[in-house]
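The exercises below are to be worked with the sequence and the 3D view side by side. Try each task before reading its solution.

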Amino acid sequence: PISYLKGGSVIRMVANAVGIDVFLKGVSKYLKKYAFGNAKSDDLWDAVSQVSGIDITGLVSPWIRAVGHPYLSVSADSKSIKITQKRFLSSGDATAKDDEITWWIPNVSALEGGKKEATVPAEGFLKLNKDTYGFYQVIYDDPLFQNILAHLDQLSPEDKIGLIADTSAGAQAGLMKTSQLLDLL
């Protein structure tokens, strides 16, 4: 079950990253080519790569071949946003060996109002992984988290569910305070 759930999540993430129509063209190409034969997972990614013009095969390799998934740790000051990536383990921090993988993270930027600047607007908020299409956790520092809480009414249902999932997982792993989860709930 874990393999199928992870696989489905990766497919959803890739489909939204390249666009649903492009992804379906890749799936169609894949199905036509392998309709009466055997295929391996890279064959699907190769077909999506061909129709999208993006090396999807290379980008999804860590997602398919490595155990687990990453989390993004997000902090900000008045001038910049800092995002770091680590392997997510429900038991807590990963070892240096666990963190040797660099994961492709699509759909990272989702600033309030669709803005593209690299700072958090004074009266806005920053919520990464818009609509929770990416298969990764996002762990915010407390000021960013409190800013999101102040703007919950502006989040989509998918973003709210994703925020609950990320905060719950982060609290369980000791990456966030349990009080943050309780504030959110």
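**Exercise 1: a charged network**

Aspartate 159 is buried, at a relative accessible area of 3%; buried means under 20% relative accessible area, exposed over 50%, and partly exposed in between (1.4 Å probe, protein chains only). The model is a predicted one, in which local features need pLDDT of at least 70, side-chain atom pairs count only at pLDDT 80 or more, and totals for chains, interfaces and linings use all residues. Residues are numbered from 1 along each chain as its sequence is written, and side-chain values use heavy atoms, with hydrogens and water left out.

Solution. 
- Step 1. Apply the criterion: a side-chain nitrogen of Lys or Arg within 4 Å of a carboxyl oxygen of Asp or Glu.
- Step 2. Helices (H or I, at least four residues) and strands (E, at least two) are DSSP runs, numbered from the N terminus.
- Step 3. Salt bridges with shared partners join Lys127, Lys130, Asp131 and Asp159 into one network.
- Step 4. Within it, lysine 130 also meets aspartate 131 at 3.9 Å, N to O. Lysine 130 is partly exposed at 43% relative accessibility, whereas aspartate 131 is buried at 18%.

**Exercise 2: strand 3**

Task: describe where the side chains of strand 3 point, and which strand pairs with strand 3.

Solution. 
- Step 1. In a regular strand, side chains alternate between the two faces of the sheet.
- Step 2. In strand 3 (residues 137–140), Gln137 and Ile139 point one way and Val138 and Tyr140 the other, and all are buried.
- Step 3. Strand 1 (residues 69–76) pairs with strand 3 in the parallel sense over four bridges; pairing requires that DSSP finds at least two bridges between the strands.
- Step 4. Opposite glutamine 137 stands tyrosine 71.

**Exercise 3: the nonpolar core**

Task: which residues of the largest nonpolar core touch the most other members?

Solution. 
- Step 1. A nonpolar core is a set of buried Ala, Val, Leu, Ile, Met, Phe, Trp, Tyr and Cys residues joined through side-chain atoms within 4.5 Å.
- Step 2. The largest core has 37 residues, and Val14, Trp45, Ile56, Trp63, Val74 and Tyr140 touch the most other members.
- Step 3. Helix 1 gives the largest share of this core, five residues.
- Step 4. Leaving aside neighbours within four places in sequence, isoleucine 56 is in contact (heavy atoms within 4.5 Å) with Val14, Val18, Trp45, Val48, Ser49 and Trp104.

**Exercise 4: the whole chain**

Task: how many helices and strands does the protein chain have, and in what order do they run?

Solution. 
- Step 1. There are seven helices and three strands.
- Step 2. From the N terminus, the order is α-α-α-α-β-β-β-α-α-α.
- Step 3. Of the 185 residues, 38% are buried.
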